[in-house]
Amino acid sequence: MFNEEFETLPRPALEALQLKRLKAMVERVYSRVPFYRQSLDKAGIKPEQVTSLADLQRLPFTCKQDMRDSYPYGLFAAKMEDIVRIHASSGTTGKPTVVGYTRKDIDTWSELMARSFVAAGAHKGDIIHNSYGYGLFTGGLGAHYGAEKLGASVIPMSGGNTKKQIMIMKDFGSTVLTCTPSYSLYMAEAAREEGIDFKELNLRVGIFGAEPWSDSMRSEIEAKLNLSAIDIYGLSEIMGPGVAIECQEAKQGLHIWEDHFIPEIIDPDSGAVLPPGVKGELVITTITKEGIPLLRYRTRDITSITYEPCVCGRTHARISRMSGRSDDMLIIRGVNVFPSQIESILMGIEGVEPHYLLIVDRKENLDILEVQVEVDENIFSDEVKHLQALSHTIEKEIKDLLGITCKVRLVEPKTIMRSEGKAKRVIDNRTIDS
Amino acid sequence: MQVEQISIFIENKSGRLAEVTRILGEAGINIRALSLADTSDFGILRLIVNDREKANNVLKEKGFTVSKTEVVAVEVPDRPGGLSEILLALDRKSINVEYMYAFVERCGENAVIIFRFDETEKAINALLDNGFNVLAGERLYSM
């Protein structure tokens, strides 16, 4: 472990630390951030009334919209002269959300990312090939600082230029890869075309995040890239990568670093806190951040939490792998559909590659779901009936699991756009009209 | 006695077939026989060509999904009832024809039909037992 004392802190001590830090945080935002003074006043809570961790539930939520409304620096709780770094999330709609870090915030982030690297199975002496994008996106620099804090050799690749990535990975002897899960498969495909076998490379660990992925995709990645694939979680609003990480010992849920963040799972509709084990929206309160501390930030990520002890010895709670986002969830004829569910179904069918695209349309007031699947050599047949049987199998499995009727369209390889960052899995044409 | 056919997956949209034939033409590959099975979404183009390896490689390089299949080429007497005799002989042995298509060139006085069976060996034996001429691949590719 990178920081064994804190990572294995007994729960009573951990919770006492959380409460102490929470109190200080509420004081800080109340006195420094007009938005929080107003929202706490409106909720009728004074900072001194926070006396137990249970009081957290009385505090108001912070939403992404609140960050947009405070664009760019309205939620900062530190003076601009103390902010040493600014990041922003890609604004899919409207303005980006802006976050600022003090020197101490950068140190904390580096440590949590270093802890995450160790939990994933990396160590000093590793050559970390960092293919997360460098720039406003937190992925690149977040992983970079963590790798340096760990004392590993970091290759600041950033995204794109896949052929060069593979050449460097091979020639520089990279042992750890960090990128999005979909980009790792894109690399595997590109390497195959170059005639390079991942078994010849030194890669041992892959740390993949920034988009939800399934356990079946993990098996696919581990087989194709010949490494141990670890899920990492983070978001720029809270910090960046390294908020939570799977441990290599269990690969059963992601440890969220509770000495810096307090997680809650809520019902996204009612806002009520849900008990451990129940799926809901992840809400995070930062308790050590100076630049832009957030109270009860609604991540829109759907997960559940467990406080059961882990075989690795860390005492920090684990969140299950993200099963989607409450805001990318598709509602098709009244049925909730996560793209990751369809991905799991596809991956469960022998020979089917995880290259798929969901297209949702509305025809005559009826939602139509088309699932495009690429035909590669594993599933291709010279006989029409075999390909039609495959389409029907996929349609039936989706119907059985999700209860929706869809149309499977078989398409030529590489007709579905490969992105070098987050994969585009859904085209929802219904939103154009509304 | 089997003939190697290459099959190509093509989406049912304009220009894809032209693209396949353009790639083959530019690689100097001659198409000896072809059949296109199509559905509303996709088609399967099946070809007998003079250079299978090269055709396979150039199409794969261009990103097409290609497979190889063993088919059977049979000489058919070029007169009414010629094909019927062959199909009856196969039916007597309960051999199912998955699909079939005609070869471009004639073989002497006879036409040539390409058959895809689910039980290829059994079909070849039934044809030979009934006195039909099954053409070897090498002969066909160079016809």
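**View 1. Where helices α5(A) and α6(A) meet.** On the α5(A) side, I106(A), W109(A), S110(A), E111(A), M113(A), A114(A), S116(A), F117(A) and V118(A) meet G142(A), A143(A), Y145(A), G146(A), A147(A), K149(A) and L150(A) of α6(A). Contact here means C-beta atoms, placed from the backbone, within 7 Å; helices are DSSP runs (H or I, at least four residues) and strands are E runs of at least two, numbered from the N terminus. This is a predicted model: local features need pLDDT of at least 70, side-chain atom pairs count only at pLDDT 80 or more, and totals for chains, interfaces and linings use all residues. Residues are numbered from 1 along each chain as its sequence is written, with chains lettered from A and ligands numbered from 1 in the order in which they are written.

**View 2. How the two helices cross.** The axes of α5(A) (residues 103–120) and α6(A) (residues 138–150) come within 7 Å and cross at roughly 75 degrees. That makes the pair roughly perpendicular, a label for angles of 65 to 115 degrees. Axes are lines fitted to C-alpha atoms, for helices over the stretch in contact, and angles run from 0 to 180 degrees between N-to-C directions.

**View 3. Chain B against chain A.** Here 16 residues of chain B are in contact with 14 residues of chain A. On chain B's side, β1 (3–11), β3 (42–49) and β4 (66–76) each give two or more residues, and β1(B) gives the most, with 4.

**View 4. Around V243(A).** Leaving out residues up to four places away in sequence, V243(A) touches Y233(A), G234(A), L235(A), I238(A), I256(A), W257(A) and F261(A).

Technical notes. Parallel < 35°, antiparallel > 145°, perpendicular 65-115°, else oblique. Contact = placed C-beta atoms within 7 Å.
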